Amino acid sequence: MKHRICAAMALAGALFAAQAAAQEFPRQPVKLVVPFAAGGPADIQARWLGVKLGAALGQPVVIDNRAGAGGVLGAQAVINAPADGHTLLFASVGAVAIAPYLMDKQPYDVARDLAPVIRVATAPMVLVSSSTGRHRDLAALVADAKVHPGKVSYASAGPGTTTQLGSELLKREVGAEMIHIPYKGAAPALTDVMAGTVDVMFADAPVVLPYIKGGKLRALAVGTPTRVEGLPDVPTTAEGGYRNVLASTWYGVLAPAKTPPAVVKRLNSAIATVLASPDAVSFFGSQALIVNGGTPEEFGSFVASESKRWTALAKAAGVRMD
């Protein structure tokens, strides 16, 4: 009986501590770590979210860009931060579901070292070519790749990125060989695609949308089950006969693993409210982004399934990261 009383007291104490932590949070400015350089899609979204979240929490949200190693350096900085909710990670699929599992020495395990808060938005990936290129649509590209194996080239922002893995997925599904031309970032890769130096590239919709509208890139297909609002005239990969070629880059917020559940819940609620606002619909919609949301548990399950999917593809294709 004594042991039961002690256990009950301990549980009550833990619950009281968790509730107190949630009531006191946030006690200071919140740091939102973006594991990529300033000016990119993740940074733009994080800065918009930071302003709105700061207003909701009553404390400023400061953006901290920690670029390097495909997002791994920024993720490590958050993992090593105090687990009190004042340091958060604004990550993309690469940093939490791909990069750490393609390195010779795995730097961290997301399920063990990070606490999912909420999935924020998804950027559909668009297969693009030069506006003057020989491939008018997805069917023409696939036919060319099959007739001339190893002659069609595709660009990527680097090994292990979704820009490479989207094309690797397409290669696997159509059964045709294409040559990978890796770059250090999406910008130089797209420059060569626009010039016709490289045939095609799978890239995030927000990045390529201005070039498509400006007539510098031709959209061959979008890697989603249904058409994208910002590109209603672009057929999907499913419409082209490749229902399994689904490629997108998603973004979400995570915290250090031992962050009190009550704090995670408050962060989730605050961000979910922001994402449900008309401002969010306008902001994300203007960039052809799909607003997500959901519970921490749903985000955690999604990260696990995405990691399994992309890393299996990467390893089958022999993709490694330094």
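Helices (H or I, at least four residues) and strands (E, at least two) are DSSP runs, numbered from the N terminus. On that basis, D233 is placed in the loop between β8 (217-222) and β9. The structure is a predicted model, in which local features need pLDDT of at least 70, side-chain atom pairs count only at pLDDT 80 or more, and totals for chains, interfaces and linings use all residues. Residues are numbered from 1 along each chain as its sequence is written, and side-chain values use heavy atoms, with hydrogens and water left out.

- D233 counts as exposed, at 70% relative accessibility; buried means under 20% relative accessible area, exposed over 50%, and partly exposed in between (1.4 Å probe, protein chains only).
- The C-alpha atoms of D233 and A221 are separated by 9.6 Å, the two residues being twelve apart along the chain.
- H135 is found in the loop between β4 (114-130) and α6 (138-147), and is buried, with a relative accessible area of 3%.
- The H135 side chain makes a polar contact of 2.7 Å with the side chain of D144; such a contact is a pair of N or O atoms within 3.5 Å, and within protein one must be able to donate a hydrogen and the other to accept it, while residues adjacent in sequence count only if both atoms are side-chain atoms.

**Helix α12**

- Helix α12 (residues 296-316) has 21 residues and reaches 30 Å from its first C-alpha to its last, close to the 30 Å expected at 1.5 Å a residue; the expected span is 1.5 Å times one less than the number of residues.
- Buried residues of α12 include F299, F302, V303, E306 and W310.
- Exposed residues E297, S301, K308, K315 and A316 lie on the face of α12 turned away from its buried side.
- G318, which follows α12, has a positive phi, near 75°.

**Aromatic rings**

- Rings of Phe, Tyr and Trp (its six-membered ring) pair if their centres lie within 6.5 Å; planes under 30 degrees apart count as stacked, over 60 as edge-to-face and the rest as tilted.
- By this rule the count comes to six aromatic pairs.
- W250 and F299 form an edge-to-face pair, at 5.8 Å centre to centre and 85° between the planes.
- W250 lies in strand β9 and F299 in helix α12, so this pair ties together parts that are 49 residues apart in sequence.
- Both W250 and F299 are buried.
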